[in-house]
Amino acid sequence: MSASRPYIMRALYEWIVDNDCTPYLLVDATRPGVEVPSQYIKDGQIVLNVSPSAVIDLLIGNEWVSFNGRFGGTPTDILVPVAAIVGIYARENGQGMVFEPEEPPESPDDPPGGDSGPTAGKPEARPALKIVK
């Protein structure tokens, strides 16, 4: 089965917005593939305001979250692997969800617009290792 995290994130985002609150994403900025302005990272994390009035072209996909937002008045493209999302919550009351940490992959799948060949987006088989005494 596919991961439930992106589906839960989309549902919580909609619920937060429908209740006239501001959705925030808490991101582990140390994870591979996270593309955010480094000057806004604090203690390895960044909080992103993803309200409809704060971002353009928000896409919460199954593997990636992407949007264009302003940081210090400068438009910036943001790209975050779903696995790097620590939680989603409403700024006004803190209601939302924190996710269990996932083990980071050796390398994230190609971001949107990457390779579109027959193996694009498919995980590579991991070698089976055993202890030899």
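A residue is called buried here when its relative accessible area is under 20% and exposed when that area is over 50%. The structure described is a predicted model, with an average pLDDT of 86 and 77% of the residues scoring at least 70. Over residues 114-123 the pLDDT falls below 50, and this stretch has three contacts in the model beyond near neighbours in sequence. Where pLDDT is low, the predicted coordinates should not be read in detail.

**Helix α1**

Helix α1 comprises 14 residues, 5-18, and spans 20 Å between its first and last C-alpha, close to the 20 Å expected at 1.5 Å a residue. Its buried residues are R5, P6, M9, L12, Y13 and I16. They lie on the same side of α1 because they cover an arc of only 125° around the axis. E14 and D18, on the other side of α1, are exposed. Just after the helix, D20 adopts a positive phi of about 55°.

The elements that cover the buried residues of α1 include the following strands.

| Strand | Residues |
|---|---|
| β1 | 23-28 |
| β3 | 55-60 |
| β4 | 64-71 |
| β6 | 85-90 |
| β7 | 96-98 |

**Nonpolar core**

The largest nonpolar core has 26 residues, of which L25, V27, L48, V65, V80 and I85 touch the most other members. At least two residues of this core come from each of α1, β1, β2 (45-49), β3, β4, β5 (74-81) and β6. The largest share, four residues, is supplied by α1.

Leaving aside residues up to four places away in sequence, I85 touches R5, M9, L25, L26, V27, V65, V80 and F99.

Definitions and conventions: Residues numbered from 1 in each chain as written. Predicted model: local features only at pLDDT ≥ 70, side-chain atom pairs only at ≥ 80, totals over all residues. Heavy atoms only, no water. Expected span 1.5 Å × (residues − 1). Buried < 20%, exposed > 50% of the residue type's maximum accessible area, 1.4 Å probe, protein only. Arc of directions from axis to C-beta. Contact = heavy atoms within 4.5 Å. pLDDT = per-residue confidence, 0-100. Core = buried A, V, L, I, M, F, W, Y, C linked by side-chain atoms within 4.5 Å.
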